[in-house]
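Here is a short briefing on one protein structure. Look at the sequence and the fold, then read on.

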Amino acid sequence: MKRFTERAITIIKDIPTGKVMTYGQIAGSAGSPRGARQVVRILHSMSRKHHLPWHRVINSKGEIGFQDEDQFLLQKKLLEEEGVVFSGKDRIELKKYQHTPAVPLEEYE
């Protein structure tokens, strides 16, 4: 497994209940600021195997990225069960719910 993938998995696993991170934020924290699409791939292909809290990862606008209605509703339900509140057009207030890892990048190595 590549170092970026390992770091991203660790970061995703460390997102606390009731908090979210963006794809780009995870990518940057894992050492590849332009790797948001790689984070999407990791979530898609490895969530089940690594028991990732995939529902805590959203886009940079504070929105759920799924276009599929069933997946969208499932993610929204899981986040709401953790206490995340959506506003207006199904957005999450990032200032309130965004998790910022305190662990320096070096500790993911």
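Is S47 buried or exposed? S47 is buried, because its relative accessible area is 11% (buried means under 20%, exposed over 50%, partly exposed in between, with a 1.4 Å probe and protein chains only). This is a predicted model, where local features need pLDDT of at least 70, side-chain atom pairs count only at pLDDT 80 or more, and totals for chains, interfaces and linings use all residues. Residues are numbered from 1 along each chain as its sequence is written, and side-chain values use heavy atoms, with hydrogens and water left out.

**Around S47**

- S47 sits in helix α3, residues 36-50 (helices are DSSP runs of H or I with at least four residues, strands are runs of E with at least two, and both are numbered from the N terminus).
- Setting aside residues up to four places away in sequence, S47 touches I42, L52 and W54 (contact means heavy atoms within 4.5 Å).
- The S47 side chain also reaches the backbone oxygen of L43, at 2.6 Å (a polar contact is a pair of N or O atoms within 3.5 Å; within protein, one must be able to donate a hydrogen and the other to accept it, and residues adjacent in sequence count only if both atoms are side-chain atoms).
- From C-alpha to C-alpha, S47 and I58 are 14 Å apart in space, and they are 11 residues apart in sequence.

**The nonpolar cores**

- The largest nonpolar core has 17 residues, and I12, I26, V39, I42, L43 and V57 touch the most other members (a nonpolar core is a set of buried Ala, Val, Leu, Ile, Met, Phe, Trp, Tyr and Cys residues joined through side-chain atoms within 4.5 Å).
- Two or more residues of this core come from each of α1 (3-13), α2 (23-29) and α3.
- The most come from α1, which gives five residues.
- Another core lies apart from this one; it has nine residues, among them V20, F72, L79 and F86.

**Rings**

- The structure holds one aromatic pair.
- W54 and F66 form this pair, edge-to-face, at 5.9 Å centre to centre and 80 degrees between the planes (rings of Phe, Tyr and Trp, its six-membered ring, pair if their centres lie within 6.5 Å; planes under 30 degrees apart count as stacked, over 60 as edge-to-face and the rest as tilted).
- W54 lies in the loop between α3 and β2 (57-58) and F66 in the loop between β2 and α4 (69-81), so the pair ties together parts that are 12 residues apart in sequence.
- W54 is partly exposed at 22% relative accessible area, and F66 is partly exposed at 33%.
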